Amino acid sequence: MKSVNTHRGAAILILVFAIMFLIVAGRFLYIESTAEVQGVDLNEWAEDIRTSSYEIDATRGKIYDKNGMVLAYDRPTYRMYAIVDPEYTANPEEPKHVTEPSETAAKLAPLLDLTESEIEDTIENGVATHENSDEDDDLFQVEFGAKGKNLSQATVDEIKEMELPGIQFIEESKRYYPNGVFASHVIGFARSEDNQIKGVTGIEKQMEKYLEEKKGHISYERDKYGTKLLDPKEVMTEPDNGEDVYLTIDQKIQTFLEDAMSEVEKQYSPDKVMAAVMDPDTGEVLAMSNRPSYNPNAIGDVKNWYNDIISYPFEVGSPMKIFTWAAAMEEDVYNGSELYKSGTYKVTPKSKIIKDHNNGRGWDPITYDEGFQRSSNVAASKLVYEKIGSDKFRDYISKFHLDQETGIDLPGELSSKLVFNKPIEQITTGFGQGSIFTPIQLMTGATAIANGGEMMRPYVLSKIASSESGEVLKEGKPEVIGEPVSKETAEKVRDLMGEVVSSENGTGQSFKLEDFSLAGKTGTAEIPDGQGDYMVGRENYVFSFMGMAPKDDPELLMYVAVKQPQLEPTELGSEPVSYIIRTVMENSLHYLDIQPDKNHEANVSEYSLPDLTGMKVSKAKSKLEETFDNVVVIGNGGKVEATLPGAKTEMLANQKVMIVTDQPKMPDLTGYSLRDVNRIADHFGLQMEVMGNGFVTNQSISAGSEINEDGYLVIELSPDQ
């Protein structure tokens, strides 16, 4: 009986094992024939395990100013990692993994913002990276978090000199802005997102589709340590670099503006400063800046992300009168010599009283021309309501594009908001109260006054060029977007604006330039208090100025607004504004080599410089001194290389003429004008930075030094020289 049960049990076991064998064998046959397990293709899985894939870096396009100075580019940075898997070392004499964590940590700590214990703990217990070789969480390599990223080339070189086993680096790109806060609201910034640099603000965002790089890709089959197989089946996609963007921003004019605004920010601590410089003939933005500003290399506690010139609509005050007077002239309802009663005005018996800025006292009966000079709100009100008519005035707001965005090629532009329903709202709009506008809208409208009636669209893109070949792919061009007034009207308005600066009654006398005539309009705009009224106090205004120079044929159009500066009891709100206008306008016009239109002596004669090239220096100097009072020699050579300015230039007898010898040396620039220093810098190819206005008091290259091409010259100017 026992034997029968034994045989029966054995038979059952054999049957069970036979079934299990058939199941396993069948499974193997199925896997072998289909190469699939639970829906996973084993061939593909094996290929994935063997295949390494890497991105090939591409470079984001650079951003340049109009003269080719780099404003933004990709700078290489490095990410450090440590190989900690002992199996990666084939030869113990030449270890390829970290063999001494404690010693390695001690050497790295002084160069990283990490303690020895943090580094050692990371090496021994750090989180594994994507290069782990096994599924059991054994570490192959580790990284060091944010402190191990964005390492400079100098730091990497210093670490490599230590020859620490297992310490390796991966090169990455980081967007870099070499000039810091320079035009930061225009340029914007870009940052890495998902291992790709993306524009966030400014031109970096606006021109993303051109600047954007497309990384390449390479894949190959390898063993567990990353070594290529004999047949790696390598596949590669080439990287595609971004295109280069050139702006209309002029580095020198932008520097003049940045320095002046920084000085005002330091001295007056205003809530805001907004300023821009345009070429009114083309609409090119030559400089644009705001305060507070920020450094795009160190995004931290940023107080203002917005480009206020295009994104901050506010009650702009009296610069709006430029368009009110222009509309009256164009409609042929303006008589500048007509008298009106200044002081106060009521459009209806129940409406709010409009007062002139001297608390409604006025100046007795004065002409409308004088009303513009004195910035009379009553004159503006009477022109809108009694002369032009509110409906026709509304048409001119549209003609000057003050009711729409300008279309400037920058992100974040906001438009105006007209408050224009009631009669009181219509007339207050005529002198810049109630309705709100952006500075760029005012500047766009003002191009028509500066440009003989033609209104230009503002733009900042000069061109887009291939980073590989330099081929121009797209170009910014001047665009006439309207002709709201005639050439004759534009000239009449400029004449009135000139009287604002030059007349004894003008509100802009402190804005006078030394060498150039200036046409402009001051502004002192009230600030709403948020409770239906306006703030009080002598500092609680937006002080502003819209100016163009030279008056008869403006080369530059400039707007500056300073909100709530902290003033001394004896200071006026116009002082920080006039400082920026005078400094930037005077220096920029000289830099552009615009001929001064203000002669300081009557009936002076001009003389043409002779060509003295190759002549003996002593003879040339004597010849020039027969005509010119101020002749200087640059260098110790015996022959004339050139004169500054060049031959055939028309000069006044009291202007400086410089003889450049064949052995030039840096002269003592003390007392030189910016125009004369610019001539030296241009001749010798020097890069120049200017601080202040007036005449030179200090120079970075000492007198008598060699003048090196592409050198860097910093000069300080003072009006007291």
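Surface patches here are made of residues with over 30% relative accessible area and no salt bridge, where like charges are joined within 9 Å and nonpolar side chains (Val, Leu, Ile, Met, Phe, Trp, Tyr) within 5 Å. Accessible areas come from the Shrake-Rupley method with a 1.4 Å probe, and for residues only the protein chains shown count as cover. This is a predicted model, in which local features need pLDDT of at least 70 and side-chain atom pairs count only at pLDDT 80 or more, while totals for chains, interfaces and linings use all residues. Residues are numbered from 1 along each chain as its sequence is written, and side-chain values use heavy atoms, with hydrogens and water left out.

**The chain as a whole**

The protein chain has 20 helices and 33 strands; helices (H or I, at least four residues) and strands (E, at least two) are DSSP runs, numbered from the N terminus. Of its 721 residues, 49% count as buried, where buried means under 20% relative accessible area, exposed over 50%, and partly exposed in between (1.4 Å probe, protein chains only). The accessible surface of the chain comes to about 34,700 Å², and 47% of that belongs to carbon and sulfur atoms. Among contacts (heavy atoms within 4.5 Å) between residues at least 6 apart in sequence, 69% join residues at least 24 apart.

**A nonpolar patch**

Let's start at the surface. Ile12, Leu13, Val16, Phe17 and Met20 form a nonpolar patch there, with about 500 Å² of accessible area together. Phe17 is found in helix H1 (residues 2-34) and is exposed, with a relative accessible area of 53%.

**Salt bridges**

A salt bridge is a side-chain nitrogen of Lys or Arg within 4 Å of a carboxyl oxygen of Asp or Glu. By this rule the count comes to 23 salt bridges. Three of them are set out here.

| Pair | N to O distance | Burial |
|---|---|---|
| Lys272 and Asp308 | 3.1 Å | both buried |
| Arg679 and Asp676 | 3.5 Å | both buried |

Arg679 and Asp676 both sit in helix H20, 3 residues apart, about one turn of the helix. Elsewhere, Arg60, Asp74, Arg175, Glu204 and Glu208 are linked in a network of salt bridges.

**Around Ser289**

Ser289 lies in strand S14 (residues 285-291) and is buried, with a relative accessible area of 4%. Leaving aside neighbours within four places in sequence, Ser289 is in contact with Gln254, Leu257, Glu258, Met261, Val273, Met274, Ala275 and Ile309. The C-alpha atoms of Ser289 and Phe182 are separated by 8.0 Å, though the two residues are 107 apart along the chain.

**Two packed helices**

Helix H11 (residues 321-330) and helix H13 (residues 377-388) pack at an angle of about 35 degrees, with their axes 10 Å apart. Axes are lines fitted to C-alpha atoms, for helices over the stretch in contact, and angles run from 0 to 180 degrees between N-to-C directions. On the H11 side, Lys321, Thr324, Trp325, Ala327 and Ala328 meet Asn377, Ala379, Ala380, Leu383, Val384 and Ile388 in H13.
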